[in-house]
Amino acid sequence: MNLFLTKLFDWSYLFVVKKIVFNTPPDKAHDQTLKFAKWSGKIGFLQWLLRVFTKYEKPELETNVMGIDFKNPIGLGAGLDKNAAMGECLENCGFGHATFGSITGRQSIGNPKPWFHRLPKYQSMMVWVGLANKGVDELGPHIANCNDKSKTMNVCASIARTNDKLAADETEGIADYVKSFVSLKDSVKFIEVNISCPNTFKGEPFTTPKSLDKLLSELDKVERSIPITLKMPQDKTDAEFKELLDVILKHNVQGVTIANLRKDREGLEVPTDWNGNLSGTPTHKRALELVTLAYEHTHNKVVSESSLMIDGKNVTPDNGKLAIIGLGGVMNSDDAYEFVKAGADLVEFVSALMYKGPAVVSLIKRGLVKSLKADGFANIKDAVGSGVSGVSSGASGSEDGAASSEDSGVSN
Ligand SMILES: Cc1cc2nc3c(=O)[nH]c(=O)nc-3n(C[C@H](O)[C@H](O)[C@H](O)COP(=O)(O)O)c2cc1C
């Protein structure tokens, strides 16, 4: 019965709502979607309907990553809900976690519009927002409130460097990150540090090993009880990517989120006068390669400084194993499962919500359970890294004895 309702919801999005949305200019459609989600979040009956139409919970999908319990491994990636307007809708359509932001130290108005172009042929968006958001002073208390209200969905805040004319040198950039970090560290379940937004006029200065090292050294000084992940760029060579991972392994970092938007337009028909970078299906192949690379490169290693201060005690989640969050072009459960087998502990998406609609969350979870059963895995954790040859998979299989969900020491 529940699958029938989910499919009905799916079809009504694909054959009715999507047609209306895709006939509206993308910037306007984005604004209206956020307004509708914010308004409907206050209507209890609509939220109840959303839950009824999408509900799907299974113990096979429950997991513990970075010391946090997740109802399921599926999350919303950063960028769609920069000002945390859709919390109720996201929770009620069944996300295990949602990333709000990216949030910056000062309010950012973003780049000149248009911010979006659709590329339906590639199930992709050309994104040119430039980190527009209300800034951490206004968003901090609001996000804390979202986190308090959220019962089943973990709230994550993505922080980035302010994209405005006041952005100055490296020291100023680091101070901007630290401000947002300190302000949000007691209000969410985890923080994602976005070093890889390709749409800013200062570029991505913290994606070189030296400057990343400086940024992480400052963040290390902040005592905290929650884990952090780093949002990684997608347009790096394997060697450059490994260098960044090596820097991360020396600091107090618990995970990596792989990867951000794609800059390279090669092989794609994209009008040259469109500003921005690509999301969706064109990001999938490289993101998957980078997740595999990160898994192979880090699964036997321990993050040397991983330490959270919880109830006056030092705790090292997952015994210092770096968690991996995979995203990029996840449109269905097969794409999500590919990330898991490549080494991702959690999987996120953004573009699928626009191209497939909210029912996709439930459908992906169903598909994952089917794939786990077909491959003989009792829980999602057991499938992590199972597709990477020459590397033992799952939490219990890693050679450094990374902790299982029961003994990882932290819980939320
Ligand atoms: C509309 C939009 C806005 C985005 N804004 C951000 C952002 O503010 N911070 C960030 O780290 N990533 C941002 N991203 C990148 C996504 O988090 C993600 O890395 C990328 O879109 C690939 O995932 P997808 O194929 O599921 O969309 C944005 C993506 C989209 C589509």
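This is a predicted model: local features need pLDDT of at least 70, side-chain atom pairs count only at pLDDT 80 or more; totals for chains, interfaces and linings use all residues.
User: What makes β6 and β11 count as a pair?

Analyst: Two strands pair if at least two bridges are found between them, and β6 and β11 are joined by two bridges in the antiparallel sense. One of the positions involved is V127, whose bridge partner in β11 is N277.

User: How do you know that β5 and β6 pair, and what lies between them?

Analyst: Against a requirement of at least two bridges, β5 and β6 have four, and they run antiparallel. F116 stands opposite V127 in β6. The two strands form a hairpin with four residues between them, and Q123 in the turn has a positive phi of about 45°.

User: Why are β5 and β11 called edge strands?

Analyst: The open sheet contains three strands in the order β5-β6-β11, with antiparallel pairing. β5 (116–119) and β11 (277–278) each pair on one side only, and that is what makes them the edge strands.

User: What makes the arrangement of eight strands a barrel?

Analyst: The eight strands close up in the order β3-β4-β7-β8-β9-β10-β14-β15, with parallel pairing. On average, neighbouring strands of this sheet are turned by 25° against each other, direction ignored. As an example of the pairing, β4 (residues 97–104) and β7 (residues 154–160) run in the parallel sense over six bridges, and T99 has C156 in β7 as its bridge partner. α6 packs on the sheet, touching β4, β7 and β8 (190–194), and its direction makes about 160° with that of β7. Helix α10 (residues 333–342) lies across β3 (74–76), β14 (323–327) and β15 (346–349), and runs at about 145° to β15.

User: Why is α5 called roughly parallel to α6?

Analyst: The axes of α5 (residues 136–149) and α6 (residues 170–184) come within 10 Å and cross at roughly 25°. Angles under 35 degrees count as roughly parallel, and α5 is therefore roughly parallel to α6. The crossing of α5 past α6 is right-handed. In their contact, V136, G140 and I143 in α5 meet K179, S180, S183 and L184 in α6, and these residues divide into three nonpolar, three polar and one charged.

User: Why are α1 and α3 called roughly perpendicular to each other?

Analyst: The axes of α1 (residues 2–22) and α3 (residues 44–54) come within 7 Å and cross at roughly 115°. The range from 65 to 115 degrees counts as roughly perpendicular, and α1 and α3 are therefore described in that way. Where these helices meet, L5, T6 and F9 in α1 contact V52, F53 and T54 in α3, and the contact comprises four nonpolar residues, two polar ones and no charged ones.

Conventions
Residues are numbered from 1 along each chain as its sequence is written. Axes are lines fitted to C-alpha atoms, for helices over the stretch in contact, and angles run from 0 to 180 degrees between N-to-C directions. Angles under 35 degrees count as roughly parallel, over 145 as roughly antiparallel, 65 to 115 as roughly perpendicular and the rest as oblique. A crossing is left-handed if the near helix is turned anticlockwise from the far one by less than a right angle, and right-handed if clockwise. Two residues are in contact if their C-beta atoms, placed from the backbone, lie within 7 Å. Ala, Val, Leu, Ile, Met, Phe, Trp, Tyr, Cys and Pro count as nonpolar, Asp, Glu, Lys and Arg as charged, and the others, Gly among them, as polar.
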